[in-house]
Amino acid sequence: ERLYLQETMSGHPELAEEFRSWNWPFLLQNSNRHRWGLPDSNELFIGMQGAETDAHYDERHNLFFQVRGRKQLLVFPFVEYEKLYPFPVTHPCDRQSMVDVARPDLEAFPAFATASGQYTTLQPADLVFLPYGWFHWLRNDDALSISLSFWSLSTKKERVPDVFSAHDLTLVRRNLEKHMAARFGAALFPQRMRRLLRLIDAGPGGETSDGVVGEVLAEARTLLGAVQVADPEKQDEFLRSMLRVRFEGEWQAHV
């Protein structure tokens, strides 16, 4: 059994003297310089040797300080979203990959074989910047490894882009799934997403059938057209990539 402590550093007046000794200008100046947004939350992590954090992503920028001990780190860009097979947005493990990246089941998650990540071992006093949406997996190499995260909100774009990047379209993918979850309701979300996949596979005309599922398909096509995915075949490809595997299997087997 391996123990792992995760605790916010906020709300601990007994640590006020300790906090005053930290190099806050370094943190704030770098956040300003790189336009990351000012950090507004933090978390302390202490774990035993071998303790792992499953691959997941944060919807915030993360300045990650390795304070004590060594820690393995594997990261994947946000644009590899599909290949990491995140749990559906209504699942308690939302934002976590269904793939055990240290021991991947490529039969269940074939696209992970082509995911492009980066690996390193963090040493004490190392600092890594984890941008919004980047998947990260971690494992402690030493006993009582200590890390500290400072999170900040990402800066929003001031206008709709003229050309949607792969990162932009990944955001669209997640926001579209949130919209579908709101339309279908959490209780019926999995079943109706599977019906939506069958409707897409059935070919043109599905938007005018199957009640609310057809309505949601029509709404999805309108949204995709607005973000420059206008070709119906590309729309189908985009939607299938959201639905296949993630809504076809048994989620609890991968928690």
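A salt bridge here is a side-chain nitrogen of Lys or Arg within 4 Å of a carboxyl oxygen of Asp or Glu, and the structure holds 19 of them. This is a predicted model in which local features need pLDDT of at least 70 and side-chain atom pairs count only at pLDDT 80 or more, while totals for chains, interfaces and linings use all residues. Residues are numbered from 1 along each chain as its sequence is written, and side-chain values use heavy atoms, with hydrogens and water left out.

**View 1. Glu59 and Arg174 form a salt bridge.** Their side chains meet at 2.8 Å, N to O. Because Glu59 sits in the loop between E3 and E4 and Arg174 in helix H4 (residues 166-184), the pair ties together parts that are 115 residues apart in sequence. Helices (H or I, at least four residues) and strands (E, at least two) are DSSP runs, numbered from the N terminus. Arg174 is buried at 4% relative accessibility, whereas Glu59 is partly exposed at 27%. Buried means under 20% relative accessible area, exposed over 50%, and partly exposed in between (1.4 Å probe, protein chains only).

**View 2. Arg244 pairs with Asp201.** This salt bridge is 3.0 Å, N to O. Arg244 lies in the segment after H7 and Asp201 in helix H5 (residues 189-202), so the contact ties together parts 43 residues apart in sequence. Arg244 is partly exposed at 35% relative accessibility, and Asp201 is partly exposed at 38%. Elsewhere, salt bridges that share partners join Glu52, Asp100, Arg103 and Arg139 into one network.

**View 3. Phe45 is a buried residue of strand E2 (residues 39-47).** Its relative accessible area is 8%. Leaving aside neighbours within four places in sequence, Phe45 has contacts (heavy atoms within 4.5 Å) with residues including Tyr4, Leu5, Gln6, Phe64 and Trp151. The C-alpha atoms of Phe45 and Ser147 are separated by 5.1 Å, although the two are 102 residues apart along the chain.

**View 4. The second largest pocket holds about 410 Å³ of space.** Among its 22 lining residues, Gln6, Phe45, Thr53, His56 and Asp58 are the closest to its centre. Strands E1 (4-7), E3 (52-56), E4 (61-68), E8 (135-140) and E9 (145-152) each give two or more residues to the lining, with the largest share, 4 residues, coming from E3. On a 1 Å grid over the protein atoms alone, a pocket is an open set of points where a 1.4 Å probe fits, with protein on both sides within 12 Å along at least five of seven lines; lining residues have an atom within 4 Å of a point. Grid points are joined across faces, edges and corners, and the volume is the space filled by probe spheres set on the points.

**View 5. Leu144 and Val245 have positive phi values.** Leu144, in the loop between E8 and E9, has phi near 55 degrees. For Val245, in the segment after H7, phi is about 70 degrees. Val245 is partly exposed, at 25% relative accessibility.
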